[in-house]
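Biologist: I would like to go through this model label by label, and to hear each time what stands behind the word. Could you show it first?

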Amino acid sequence: MINISKYFLALFTIVVIMGSCKENKNTDNTPKPKEETRYSSLSITIMPQFNKKLFRLPEYTDTLLGGRKIIINKAQMYLSDFTLTTLSNVDMVVEGIVLYKPGINTYAINAAVRVDDYNNAKFLIGLNSAVSNKPPDYHSALTDSSMWFPSSGNKPLYAFLVVQGFVDTTASANGQATVPFNYIIGTQNMLTQKELGFEGAIS
């Protein structure tokens with residue numbers, strides 16, 4: 001039997017393009033030392049794929065392994081714990097939480113990132129255990145109640161990925177996608193780390 005939660009996580013591929021926004025500059029015009037560390041803000045552009053195809057809403061239609069049809073009309077997920085690795089193999093942790101929603105592809109990360117050359121990046125699909133125990137007012141991305149498990153009560157239990165749509169459930173897997181589904185995927189054993197190999201500069 002397929003573990004549907006891990007199946008959906010495996011089918012979703014997140015392509016993230018990271019870029020610098022605006023460099024933090026000295027505003028008092030005093031001379032800077034030559035080797036002064038400079039910082040820039042960071043933005044990410046997210047291009048999700050499902051089943052190796054570019055994922056677009058309001059309605060995404062696909063055929064799964066075995067020929068079973070599926071329609072997805074909602075998908076949201078948390079991305080967090082961004083880590084950039086410099087060419088000298090130093091990890092720079094960027095604290096930030098993004099709630100990805102289709103139709104919004106570029107997100108600003110409210111954190112200072114050292115100006116440097118980087119060759120790798122990692123991030124989580126989901127939230128680490130410390131953030132998972134925070135109240136919604138800890139970060140604006142946590143206030144979306146559609147990302148809470150229904151039985152959360154006064155203390156939300158955050159989902160990592162929410163997927164809704166319709167699927168073919170016929171035994172022969174050759175029918176139409178007419179049966180609704182709503183998968184709320186989360187908890188720490190579903191936390192998934194993605195790694196991107198790239199070479200670029202934050203400037």
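Modeller: Strands (E, at least two residues) and helices (H or I, at least four residues) are DSSP runs, numbered from the N terminus, and two strands pair if DSSP finds at least two bridges between them. This is a predicted model, in which local features need pLDDT of at least 70 and side-chain atom pairs count only at pLDDT 80 or more, while totals for chains, interfaces and linings use all residues. Residues are numbered from 1 along each chain as its sequence is written, and side-chain values use heavy atoms, with hydrogens and water left out.

Biologist: How many helices and strands are there in the protein, and what pattern does the protein follow along the sequence?

Modeller: There are two helices and eleven strands, and along the sequence they read α-β-β-β-β-β-β-β-β-α-β-β-β.

Biologist: How do you know that β4 and β5 pair?

Modeller: Strand β4 covers residues 60-63 and β5 residues 69-86. They share four antiparallel bridges, and at least two are required, so the two strands count as paired. Thr-61 stands opposite Ile-71 in β5, and in the hairpin of β4 and β5, with five residues between the strands, Gly-66 takes a positive phi near 95°.

Biologist: What makes β5 and β6 a pair?

Modeller: Here eight bridges run in the antiparallel sense, which again meets the requirement of the definition, so the word applies. Thr-83 is the residue opposite Val-93 in β6. This hairpin has four residues between its strands, and Asn-89 in the turn has a positive phi of about 70°.

Biologist: Why is Gln-76 called buried?

Modeller: Buried means under 20% relative accessible area, exposed means over 50%, and partly exposed lies in between, with a 1.4 Å probe and protein chains only. Gln-76, in strand β5, has a relative accessible area of 9%, so it is buried. Pro-136, found in the loop between α2 and β9, has 19%, and this value too is under the limit, so Pro-136 is buried. Across the protein, buried residues make up 41% of the 203 residues, and in β6 seven of the ten residues are buried.

Biologist: Which residues touch Gln-76, and what makes its link to Ser-146 a polar contact?

Modeller: Contact means heavy atoms within 4.5 Å, and the residues that Gln-76 touches include Leu-99, Lys-101, Asp-144, Ser-146 and Phe-160, residues up to four places away in sequence not being counted. A polar contact is a pair of N or O atoms within 3.5 Å; within protein, one must be able to donate a hydrogen and the other to accept it, and residues adjacent in sequence count only if both atoms are side-chain atoms. The side chains of Gln-76 and Ser-146 come to 3.4 Å, which is within 3.5 Å, so the pair qualifies.

Biologist: What does the side chain of Asn-128 make a polar contact with?

Modeller: Asn-128, in the loop between β8 and α2, makes a polar contact with the side chain of Asp-81 at 3.0 Å, and its side chain also reaches the backbone nitrogen of Ala-130 at 3.1 Å.

Biologist: Why do the side chains of Lys-101 and Asp-144 count as a salt bridge?

Modeller: A salt bridge is a side-chain nitrogen of Lys or Arg within 4 Å of a carboxyl oxygen of Asp or Glu. The distance between Lys-101 and Asp-144 is 3.0 Å, N to O, so the pair meets the definition. Lys-101 lies in the loop between β6 and β7, and Asp-144 in the loop between α2 and β9, so the pair ties together parts that are 43 residues apart in sequence. Lys-101, at 30% relative accessibility, counts as partly exposed, whereas Asp-144, at 16%, counts as buried. The structure holds one salt bridge.

Biologist: Which residues of the largest nonpolar core touch the most other members?

Modeller: A nonpolar core is a set of buried Ala, Val, Leu, Ile, Met, Phe, Trp, Tyr and Cys residues joined through side-chain atoms within 4.5 Å. The largest one has 45 residues, of which Ile-72, Tyr-78, Leu-79, Phe-82, Val-98 and Leu-127 touch the most other members. The elements that give two or more residues to this core are β2, β5, β6, β7, β8, β9 and β10, and the largest share, eight residues, comes from β5.
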